[in-house]
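Here's a quick tour of a protein model, meant to be read with the structure open beside you. Have a look around it first.

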Amino acid sequence: MDTSEFRRRGKEMVDYMADYLEGIEGRQVYPDVEPGYLRPLVPACAPEEPDTFEDIISDVEKIIMPGVTHWLSPFFFAYFPTANSYPAMLADMLCGAISCIGFSWAASPACTELETVMMDWLGKMLELPEAFLAGGAGEGGGVIQGSASEATLVALLAARTKVIRRLQAASPELTPASIMDKLVAYSSDQAHSSVERAGLIGAVRLRAIPSDGNFAMRASALREALDRDKAAGLIPFFVVATLGTTSCCSFDNLLEVGPICAQEDLWLHIDAAYAGSAFICPEFRHLLNGVEFADSFNFNPHKWLLVNFDCSAMWVKKRTDLTGAFKLDPVYLKHSHQDSGLITDYRHWQIPLGRRFRSLKMWFVFRLYGVRGLQAYIRKHVQLAHEFESLVLQDPRFEICMKVTLGLVCFRLKGSNQVNEALLQRINDAKKIHLVPCHLRDKFVLRLAICSRTTESAHVRLAWAHIRELAGAVLEAERAAETKS
């Protein structure tokens with residue numbers, strides 16, 4: 001493919017992408033395929049001679065699209081959103097064209113510097129304390145990670161290195177292995193499974209702190225666990241507070257947990273993967289109160305801020321806590337400006353070496369939407385969630401299981417877990433909408449998250465009508481089974 005053909009095919013591909021997104025409502029939201037469907041449809045080996053572009057595009061519709069779960073469909077209500085916008089897609093195209101591997105300032109100065117500035121822009125939208133921004137006199141700054149899972153792991157590993165060095169400085173006879181054997185990290189029992197995985201990779205114990213009646217981690221439960229572990233000779237060092245849990249969008253109490261972490265010299269990491277985008281709205285900013293106690297804070301613009309995956313925003317109060325844990329400087333990566341104090345090399349802030357020009361997506365989206373446009377988008381999703389909540393509350397067969405704060409509604413049929421499992425099975429078998437469940441204590445609960453950029457009130461009402469119809473069928477089947485028995 002030469003430049004001339006690329007121009008032509010690129011225009012065709014943009015048209016295909018636009019047609020796909022414009023017509024996505026007409027596609028079945030969840031695929032009707034079985035595991036292993038794809039292998040028989042493609043050759044066993046790569047072609048010896050080139051295929052045509054027309055054949056490839058034809059195969060996209062014949063082979064790929066039948067197996068796609070359409071996350072951008074207005075009838076996709078599962079998990080949490082994956083962000084998508086035309087400005088972000090255009091920026092991704094430019095990123096692919098530039099193709100720099102921005103591991104250092106010298107590897108591509110614009111890649112490093114735009115990221116630093118965009119993270120400050122976003123930090124100011126959130127009204128983060130100055131200590132987290134790179135442009136002021138503080139020691140902190142922001143970095144784009146690939147996911148919230150990476151951010152949690154990076155924070156844990158940095159905290160682990162920091163406590164080991166601190167304890168060794170006080171007691172030189174201690175070895176890293178003897179210290180690590182006693183380290184303990186903490187999170188709510190509602191925290192994402194990626195927190196547990198970070199503990200596994202970091203080779204440290206992780207305590208799940210029992211949450212309260214609102215599924216939040218509170219000071220009393222954390223304090224009890226800390227005192228118990230310290231009495232046993234263990235070393236608490238790291239706490240993850242979740243703002244907007246995956247199961248039900250609950251919020252750990254930062255204003256209680258934060259002071260304890262400060263008193264005990266524990267690294268406090270905040271995981272706000274989904275909810276963090278909402279904090280750009282003044283009416284939701286209070287949910288972030290207490291962030292001043294944190295050592296690191298993370299959320300995913302690629303979930304709810306119209307920036308396509310991957311773009312996970314992480315800030316630290318002291319960037320040397322990261323660079324001190326991950327910095328390696330082989331001669332082939334060194335450059336003449338690295339010790340100037342004017343720039344940073346992001347390879348020292350992350351697990352991989354290479355990194356894409358992801359800040360272009362933020363730059364395009366922030367400029368073409370503006371803060372007000374992004375706020376309006378968040379508010380619309382929250383409004384739609386409350387609309388669905390009101391519909392559920394009008395049907396006495398159903399109950400709301402958690403206060404609706406943002407764009408997630410947790411609901412269920414009143415009755416057994418089995419009847420709710422049957423309802424979810426029917427919903428996902430019908431493939432008109434897509435939902436996933438959660439467990440809240442001993443209850444099996446259905447989750448409906450407003451996800452798509454194109455979701456409107458009509459889609460929410462159609463989804464509810466569909467759920468009500470299937471609920472009627474489930475309850476009728478249950479009554480018939482009881483009568484027969």
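## Ground rules

This is a predicted model, so to speak of local features we need pLDDT of at least 70, side-chain atom pairs count only at pLDDT 80 or more, and totals for chains, interfaces and linings use all residues. Residues are numbered from 1 along each chain as its sequence is written, and side-chain values use heavy atoms, with hydrogens and water left out.

## The sheet

Start with the open sheet: seven strands, ordered β1-β7-β6-β5-β4-β2-β3, with mixed pairing. The edges belong to β1 (141-145) and β3 (205-209); each has a single partner strand, so one side of each lacks a neighbour in the sheet. From one strand to the next, the twist averages 20°. As for terms, strands (E, at least two residues) and helices (H or I, at least four) are DSSP runs numbered from the N terminus, and two strands pair if DSSP finds at least two bridges between them.

Gly142, for instance, has Trp315 in β7 as its bridge partner. Helix α4 (residues 109-125) packs on the sheet, touching β1, β6 (296-299) and β7, and its direction makes about 85° with that of β7. Contact here means heavy atoms within 4.5 Å. Axes are lines fitted to C-alpha atoms, for helices over the stretch in contact, and angles run from 0 to 180 degrees between N-to-C directions.

Pro301 sits in helix α10 (residues 301-304) and counts as buried at 0% relative accessibility. Buried means under 20% relative accessible area, exposed over 50%, partly exposed in between (1.4 Å probe, protein chains only). Leaving out residues up to four places away in sequence, Pro301 touches several others, among them Ala83, Leu122 and Ser312.

Glu387, in helix α12 (residues 359-393), is also buried, at 15%. Beyond its neighbours within four places in sequence, Glu387 contacts Ser457 and Arg461.

Cys281 is in no disulfide either; its nearest cysteine sulfur, that of Cys249, is 13 Å away. Cys281 counts as buried too, at 0% relative accessibility.

Conventions
A disulfide is a pair of cysteine sulfur atoms within 2.5 Å.
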